[in-house]
Amino acid sequence: MTMAFNHRGFTEAEAVAQAEADMWRRRNRAATAAIDHWFADLGLPETRQRCEGAWLAMSNWPGDLLVYWDEADEAAAIKEGRGPTHTIPPHHRGNVVAECGEILANVMERHFLQPLELIALAKGFDKSDAKERAWSWLRHRIDFTGWDEPLDMILPKPSPFISASSFKARPVPAREWVVEALVPDRTVTLLTGDGGTGKSLLAMQLAVAVASGTRWIGRQADEGAVIYLSAEDDMAELHRRLDGILRGAGLTFDDVDSLHLRSTVGEGALLAERGRVGFKPTELARQIEEFASDRYTRLIVLDTLANLFPGDENDRAQVTQFVDIVKGIALRCDCAAMVLAHPSKSAMESGDGYSGSTAWNGAVRSRLFFKRVVVDGYEADPDARVLRTMKANYGPVGGEIGLTYCDGAFVPEASETTLDRMAGAAKAERVFLKLLRMFAEQGRRMNHAGGPTYAPKVFSEHPDSEGMTKRALRAAMESLLASGKITVVEAGPASKRRTYLEVAE
């Protein structure tokens, strides 16, 4: 029997199953967004405990789900000095205690309890049609127009043509970011950097910032759940890296409980596989999407491309298909995706930061390049890095953020126009070392203190100074002395001691 495939490489049965799962995920997300408008209508029985206000008890949920709903009564109890509000232990026998709809949504996220399951349990619906009856109950109370599309309407299909005039009655949607001007929402950002540069650490810092609602390299991150999938590092390494980031940021592991880590080292991490026509998502890709959809995820980090992509990096069609798979996950899960990649050798030398074909640059909407500060082959500070915006469809291109590795994390420099400054300093140090060696080979000794052999002055006037000024070379000399790359040496008889500069061996 011939099996039919659709344009995404799925059989019709697979497409229907995928579409149905997507539909229920969307319904649960809609229900969560409106939880304050329907929870009270469940009519859960109330029980009174001393000084605790009203507790809603669900005895038909395993472990008894207890939900504290009377915030005002709790405040009054505290004000009147009627004692603490922990007579019922918050986690006694696995019970879950929540104080409002927002926290209840958080409870459901962490304990894998979906809103429709909650409704079905509370109303005692039969398991055979529990979800359908729960959705019907909800639809009688909330207008979910746009969320409840028929099953055949969310099957993969060609995009429609619409008239531009239809935008007239609609408000212009705001541009949304996970990190303004760097990581756009609902699309793919490619972060490239040579091996050993620290891009995995930088991406983990982003994951921590999003999960904790704090700042990433000086910029505020939008708070939400994060999935970090590593195909290069095992859990022990992720643990060590995360510990260093948290200590440096003054956070604890409790602050990042919405950061979900997974290591696929040794088990394969391909997100695409060949179908009858092009690539289709693998089981791992479907697991990531399902996990992300159920947790209201804000960011998915995928590390690294070489382990995730099965195709030819120089084949534009394959590159575009793969990025479309990742972008589709981001769109359906209403989150951003960041893919880490190693650039090719030629891309590192040219400063483009590509990984394989330039198709990667065309397929993604944001591309960041993380690099060391090396000028003419010389690296003045091995801890210095620059994050450069190579492509930004929704923001400015060419921006640079200077960073320094310090105590297990990268921290931003005070100035964001640091690339030229660092490059100039690196060049001045390289020129200083070059001329110091040249003069030493000629038997000419330069000093650091002044006079006719004062190194910065003599070097600035030399034909091979490459335009370096006395001031720049003086700063370079001080930096090289501080780092121990050059030293001050004494020579001559005791009655006539002289000092001079020497390159440290």
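Biologist: In this predicted model, which residues touch the most other members of the largest nonpolar core?

Modeller: The core in question has 38 residues. Helix α7, β9 and α8 are among the elements that each supply at least two residues of this core, and the largest share, ten residues, comes from α7. The residues that touch the most other members are W216 and L259.

Biologist: With which residues is L259 in contact, leaving aside its neighbours within four places in sequence?

Modeller: A contact requires heavy atoms within 4.5 Å. Once the sequence neighbours within four places are left aside, the contacts of L259 are M204, A207, V208, A211, V226, Y228 and L242.

Biologist: What span should helix α8 have, and how far apart are its end C-alpha atoms?

Modeller: Helix α8 covers residues 235–249, which is 15 residues. At 1.5 Å a residue, the helix should therefore span 21 Å. The distance between its end C-alpha atoms agrees, at 21 Å.

Biologist: Which residues of α8 are buried, and what covers them?

Modeller: Buried here means under 20% relative accessible area. The residues of α8 that are buried are L238, R241, L242, G244, I245 and L246. Their cover includes α7 (199–212), β9 (225–230) and β10 (259–263).

Biologist: Are α5 and α6 roughly parallel or roughly perpendicular to each other?

Modeller: Helix α5 (residues 115–123) and helix α6 (residues 130–139) pack with their axes 9 Å apart, at an angle of about 95 degrees. Angles of 65 to 115 degrees count as roughly perpendicular. The two helices, α5 and α6, are therefore roughly perpendicular.

Note on methods:
Residues numbered from 1 in each chain as written. Predicted model: local features only at pLDDT ≥ 70, side-chain atom pairs only at ≥ 80, totals over all residues. Heavy atoms only, no water. Helix = DSSP H or I, 4+ residues; strand = E, 2+ residues; numbered from the N terminus. Expected span 1.5 Å × (residues − 1). Buried < 20%, exposed > 50% of the residue type's maximum accessible area, 1.4 Å probe, protein only. Core = buried A, V, L, I, M, F, W, Y, C linked by side-chain atoms within 4.5 Å. Axes fitted to C-alpha atoms, helices over the stretch in contact; angles between N-to-C directions. Parallel < 35°, antiparallel > 145°, perpendicular 65-115°, else oblique.
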